[in-house]
Amino acid sequence: MTVPLDVPGATEAHPEAVLQGAGPIAGRSLGEIAWTRLKRDRVALTGGGVVIFLIILAIFAPLVVSLVGHPPNDFHQDLVDPELSTPIGRFGGVSLDFPFGIEPQNGRDLFSRVVYGSRISLLIAFLATLLSVIIGVTLGVVAGYFGGWVDSFIGRLMDVFLAFPLVVFAIALAGVIPNAAFGLSGDALKVSVLVFIIGFFSWPYIGRIVRGQTLSLREREFVDAARSLGAGNVYILRKELLPNLIAPILVYSTLLIPTNILFEAALAYLGVGVQPPTATWGGMLSDATNWYQTDPWFLLPPGLAIFVTVLAFNLFGDGLRDALDPRTR
Amino acid sequence: MRRTRGLATFAVAATVSVGLAACGGASSGTSSSSSSSSSAGAGSAAAFNAGETSVVNPSDTKGGTLRMAISDDWDSLDPGDTYYAFAWDFVRLYGRSLTTFTSAPGKDSSKVVPDLAESLGKSTDGGKTWTYTLRKGLKYEDGTPITSKDVKYAVARSLDKEILVNGPTYFGDFLDLQGYTSPYKLKDAGAGLKAIETPDDSTIVFHLKKPFASFDYLAGLPATIPVPAAKDTGTEYKKHVISSGPYKFETNEAGKQFTLVRNTNWDPATDPNRKGLPDRIEVKLKQNQADIDNQLLAGTLDVDVSGSGVGTEAQGRILSDPKLKANADNPIGTRTWYISVNGDVAPLDKVECRQAVQYATDKTSVQRAYGGATGGEIATNILPPTISGQQRFNMYPPGADNKGDLEKAKAALAACGQPSGFTTTMAFRSDRPKEKATAEAMQQALKRVGINLTLKGFPAGDYYKLYAGKPDYAKTNGLGLMTNGWGADWPDGFGFISQIVDSRTIRPSGGNYNLSVKDPAVDTMLDKAVTTADQTARDALWVDVDKKVMSDATVLPTVWSKGLYYRPTNLTNVYFTPAWDMYDYASLGVKK
């Protein structure tokens, strides 16, 4: 049973492009294609918008607070019930003057503290992510490209770091670090220590992904071509491999930031990190748990701040991944 | 030597109980109105703080079951092995020590009276030898007579901290042991202990290393409750303690619950201190704290044994409901919260700089950190008002509104050569929200005169061992101010102040509770007080110590702690006793 070749109408078939009669076919770069896809993803765009808004808010916190709120560490004890220690008024003392209400006991402005808290959270999350990406990419590429004993060594190193009891280490370190060290003091020192703890111990996650990608990339034709043309290892790493790794690195970083925000909040909740009275979201949550029976409203501002930020980063990161690498959909 | 107490934490209790709360409030409201009409007699009717100064619902009616519960558990039911205040109060239901505190409300209760002994101790040899004579007709629950040898054996076994790990170490510190360690390590139990003599079955003589005038307080420790050597099973003895008091153990399920019933061999004629009203006492262990509070308010439970008062949620309900409030007490306890001002750290080495801190403190703000007026009274000196012979004085009046005297603070700063203020670090226990709030309040208050505080939190578990309590660490890290607190082992000056101001107790290796008082003159005054036989004169000397330390300004007292206690209307004969900082459990009765 064979199919007749002279199917009616077969000759009228035309290539799509010719049929549409559109203009000349323009070459589009990978970035352009990704941007087109991202633009169509409303959820990701909203996430991105919130992220940009939060960053601007954090940068201009002093200005915002001077316009809307009160200095974050000032007490307003006249607004607190002296017998019950809870804020006077409904919803934890919400008013025009104090849009998020006030803290029980000392009456600090929750709006200002949430806004100032975003500085610490975002700063630590960004810097820690940067640190782990730098270490992770460098070691991951080296391990994947060179293979052999280098790969084994870095692989075991990653295992060691992954097995490290990080939270216990962080709690111990926080007690040991003096008020001033390495030419830093106070909050600057504490932030640096947190960035180090979070960043330095989370690089293996991104390192493994980069190593895997490198392993598959180094066998590709263009790498062979470069090598046969006499390119050195450093040239191949920088010019041939890294540009092809940008997409996974970018996606993973965006998804690492919310994880780090949560980790910072968890550490602050445990009392590790920036010392009071500096506001952090995790620290505020930790304070709020002492009041959940009598002033549950105290939980809302820091809790919502963490929730919204993490959600926004995750939505944006997911959208970015879909845009850059549609195969994973 | 610190008595571990159940802390009135603000973080316990579950949200699910909110629903139960409404029903509880209604039922206890009705019962409280009926009780106020029925109560009569020499004591007082239910009213806010009535239990602080008088016996509420006085009664001699016997019978009924007293229902008790606690969110935690005993460290041990063994009288020789316990260091909780509530356990020392409760142990008197099944054990009798040589002496005890007066069964009366208010300040009277801090007076020591004889219990097993006929009279208080007779001291000879300048306070180094103390003799007690037992009452006649004392019996254990099995009918065998109690002898002075049993008391000696009880004290001897309590010395062995390897087997009975929990109790205080006072007897080991003061008795002239001559190398004696433990009856468990000798074949002939109790024989080698020459520091305690028992010339006959009703006489017991204690020989001390150094004179100690307050020995009658030591004789009231649960460690002097007699233990028959033949029945002692070491660490197992807590499973069935042989009773010498009005009640004996019926059942005892470790970690769950136990019940006490009347000890028919207890003779009320030999015991002027206990009423023995209920027929039966039930204690449930490891209950949820919010549940306990709700049951108290609903009247289905009579006593929260922990004696630390109700939690925040119940506190809010009690204070906002006049009917509930009439059944509550808000007394001052034998605990002072204070800030140690470290003279090792410049510029606090100058007394004027320390005084500037005293003047600049906003005491109302720190009081709020401890829960406002319900959580504590503003403290002006170290000894809390419940200590026998205490005097209130205020060397650094913080202005009429207690918010600090900034003019005097600035003058003091100028006098110490820091007119524009200085910077120092304040340490606190990071897992204690009240101390964190205190540190934040101090930072705000001292900022007003240019003293800038850097706050630094430490884990509570190692606070005294590795950080604030280690002189080297505190000095090199510049810990100028350190939150601190102290509760008395018994309500006299020795039991309170001597433990926290004696500079000779400071060990360089850490673990110190005295963080800042290093004055040889204070040490000399302590020695004089310890050996002064007359109680009135001795009490006055403790006040002098208090004054001397305050003039050095190395201690900044902030709050005398208070708790909010609820007495269900079912309870009779209720009163608060400062001796244990809770209701007197040996006097309680129930309506049914």
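Is Leu304(A) buried, exposed or partly exposed? Leu304(A) counts as partly exposed because its relative accessibility is 47%, where buried means under 20% relative accessible area, exposed over 50% and partly exposed in between (1.4 Å probe, protein chains only). The model is predicted, so local features need pLDDT of at least 70 and side-chain atom pairs count only at pLDDT 80 or more, while totals for chains, interfaces and linings use all residues. Residues are numbered from 1 along each chain as its sequence is written, chains are lettered from A in the order in which they are written, and side-chain values use heavy atoms, without hydrogens and water.

Leu304(A) sits in helix H13 of chain A; helices (H or I, at least four residues) and strands (E, at least two) are DSSP runs numbered from the N terminus.

Turning to the interface, 26 residues of chain A are in contact with 36 residues of chain B, contact being heavy atoms within 4.5 Å. About 2,600 Å² is buried between the two chains, with 45% given by carbon and sulfur atoms; buried area is the accessible area (1.4 Å probe) that two parts lose on being put together, summed over both. On the chain B side, Arg368(B), Glu440(B) and Lys456(B) lose the most area to chain A, together 24% of what that side buries.

Two salt bridges are found across this interface, each a side-chain nitrogen of Lys or Arg within 4 Å of a carboxyl oxygen of Asp or Glu. Lys436(B) and Asp287(A) meet through their side chains in a salt bridge (2.5 Å, N to O). Helix H14 of chain B gives the most to the side that touches chain A, with eight residues.
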